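Please look over the sequence and the model shown here.

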Amino acid sequence: MKHFDDQLTETQADQFGRASAALLSQGAHSLPAGIKDRLHAARMKALSVRKTEKVFANKPVFAGAAGNWSSGSNGMWDMFGWIAPLAVLVFGLIGIAHWQNDSRINDIAEVDAALLSDDVPPDAYADNGFLAFLKNGPLSDSGDSATDSVQSK
């Protein structure tokens, strides 16, 4: 009884492949020309849609003087490869902080300019009664007399 679970060694698999290729080559010579042409066309079609294989390149790896492992490439460029994005990030964050600070200063300056150029003195905004007046609006009694005085002018 044969065991299908047994794995072939690499040498046995290579021998089997060579024997199979030899038998297929012998059988291909005895085929009619029409079948050979169709088989050739099918092979070319299969090869054209075949996925490309990834090729892995082996780089030598050596232990450096500091005890770390390197691949033999230039250490300065490897270090620059991760320092450059870090530097861009730091300078970007510093730039954003300055921009936000300038924006806040400009907003405060606009409020100060509006307070200083207004007819109402700045001390009035600190008075609770004036804030209540601004929230509730003018009183109805004084509102009528105010509109009468405006119309009479």
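## Overall fold

This is a predicted model. The protein contains six helices and two strands. Along the sequence these elements come in the order α-α-β-β-α-α-α-α.

## Surface and burial

The protein exposes about 14400 Å², and carbon and sulfur atoms supply 62% of that area. Of the 153 residues in the protein, 2% are buried; the cut-off for a buried residue is under 20% relative accessible area.

Trp-82 is part of helix H3, which spans residues 75-117. The relative accessible area of Trp-82 is 54%, so this residue is classed as exposed, given that exposed means over 50%.

## Salt bridge

A search of the whole structure returns one salt bridge. In a salt bridge, the side chains of Arg-18 and Asp-14 meet at 3.4 Å, N to O, which falls under the cut-off of within 4 Å.

Arg-18 and Asp-14 both belong to helix H1 (residues 10-29). Because they are four residues apart in that helix, about one helical turn separates them. Arg-18 is exposed, with a relative accessible area of 58%, whereas Asp-14 is partly exposed at 41%.

Conventions: Residues are numbered from 1 along each chain as its sequence is written. This is a predicted model: local features need pLDDT of at least 70, side-chain atom pairs count only at pLDDT 80 or more; totals for chains, interfaces and linings use all residues. Side-chain values use heavy atoms; hydrogens and water are left out. Buried means under 20% relative accessible area, exposed over 50%, partly exposed in between (1.4 Å probe, protein chains only). Accessible areas come from the Shrake-Rupley method with a 1.4 Å probe; for residues, only the protein chains shown count as cover.
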